[in-house]
Amino acid sequence: DDTDGAFIEYSEALRLDPTRRPLIPTLARLALETSRNRQAEMFARQAVGLYPNDRDARLALVTAQVRRRNYEAATVTLAPLMQVQPRRLDVQIQVGLLEAGRGNDAAARQVFEAALKEHPTSIDAMEGLVNLDLNRGRLTEAHERVTQALAAHPNDVAVVTIAGRVFRAGGDARRAEPLLRTALAGHPNDTRLVVQLAECLVDLYRADDARLLLERALSRQSAALGVRTALGGVLERLGRLDDARAEYERVLSASSGDPAATAHLALVTVAQGRNLDQVLGRLTEAEPDFVRDADIRDALGWVYLHAGMSARAVQNLEVALRANPQHPRYQYHLGVAHARRGETAKARAALLRALAVPERFAERGQAEAALAALPK
């Protein structure tokens, strides 16, 4: 199904006729499915206001708040459901995600394991445990979980998507590619699969194939913002920075303040040596809405560093890493920031952490060069 197109059509229908309030819960769901998390939170909050006893609307709001790392608000939103049916699977999944988001990995693991024990076929509980494993570098455990899940659910798109991410994290994109192709053949409009397969192709040094895949998807679903952002990333890999910039601008014209596009556009601006004041203004304007977004914080840090404000750079990069400690680009950026400040030991530690991550990342060559350039 073309969920991006459906979201746009329903949004326009509501704009033309605001009395069509029953569309609002559907818009919240579609926004979540297409990773429009800001709009998802807005529509879900309206849905809860209109239908306070609708548990799906309340869960949609919790999901959007967790995705945007607004954990305090999510806790308040979830509280009525916890009081009524605390052991329901969908409620427990949100509790686990909340704990994981706060960095309480042990509590999150306990919740997901209990949910999986009671509901052995729960993909959400399995994914929660896989994410915890990946965040802690426990690739063997994550691999075992997805291998078992694939054996039980070989045609489940969600399982295949999770497995693809795990295999890529373990440096085995070759195993992920055929799985994702098979799943995509059965679900050609699933943009999650399109983006995952494109990322695999980039890992396999086939960036032009990834570009063609994403462009074909956009020819069918021009409103798929996640696909367009991914295309921008592939164009960056190919050195086509002006074309990448154009894709990010298209995303932002359709979804003002989109965090991924805003962050990537900032990084391209730095790479091109363009006006940093302008992009810094755009980032700081977005930051209040995305104060917990790691990509925004990473981009802010990188721009601050190139604007000569290294203390602010380190501060923002450390915030990004607290949200995602295993992200190699964040570690690379922090390493360069420490090096600029003459903090050689800290720089070396961050760069080594970046290079220790098995999955490929675009700046690996620069990270290796930065490490080699540090004083002995």
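The side chains of Glu 199 and Arg 168 meet in a salt bridge, with N and O 3.2 Å apart; the term covers a side-chain nitrogen of Lys or Arg within 4 Å of a carboxyl oxygen of Asp or Glu. This pair links distant parts of the chain, with Glu 199 in helix 12 (residues 191–203) and Arg 168 in helix 10 (residues 157–169), 31 residues apart. Helices here are DSSP runs (H or I, at least four residues), numbered from the N terminus. Glu 199 is partly exposed at 33% relative accessibility, while Arg 168 is buried at 11%. For these labels, buried means under 20% relative accessible area, exposed over 50% and partly exposed in between (1.4 Å probe, protein chains only).

A word on the basis of these values: the model is predicted, so local features need pLDDT of at least 70 and side-chain atom pairs count only at pLDDT 80 or more, whereas totals for chains, interfaces and linings use all residues. Residues are numbered from 1 along each chain as its sequence is written, and side-chain values use heavy atoms, with hydrogens and water left out.

By the salt-bridge rule, the count comes to 27. Another of these joins Asp 190 to Arg 192 at 2.9 Å, N to O; Asp 190 is buried, with a relative accessible area of 15%, and Arg 192 is partly exposed at 42%. Salt bridges also form a network that links Arg 109, Asp 133, Arg 138, Glu 141 and Arg 145. Arg 138 is partly exposed at 33%, and Glu 141 is partly exposed at 30%.

Turning to the nonpolar interior, a core is taken as a set of buried Ala, Val, Leu, Ile, Met, Phe, Trp, Tyr and Cys residues joined through side-chain atoms within 4.5 Å. The largest such core has 50 residues, and Met 126, Val 130, Val 146, Leu 214 and Val 227 have the most contacts inside it. Leaving aside residues up to four places away in sequence, Met 126 touches Leu 116, Val 146, Ala 149, Val 159 and Ile 162, a contact being heavy atoms within 4.5 Å. A second, separate core of 35 residues includes Leu 267, Val 314, Leu 334 and Phe 361.

Helix 2 (residues 23–33) also has buried residues, among them Leu 23, Ile 24, Leu 27 and Ala 28. What covers its buried residues includes helix 1 (3–16), helix 3 (37–50) and helix 4 (55–67). Ser 35, which follows helix 2, has a positive phi near 60°.

Technical notes:
Helices (H or I, at least four residues) and strands (E, at least two) are DSSP runs, numbered from the N terminus.
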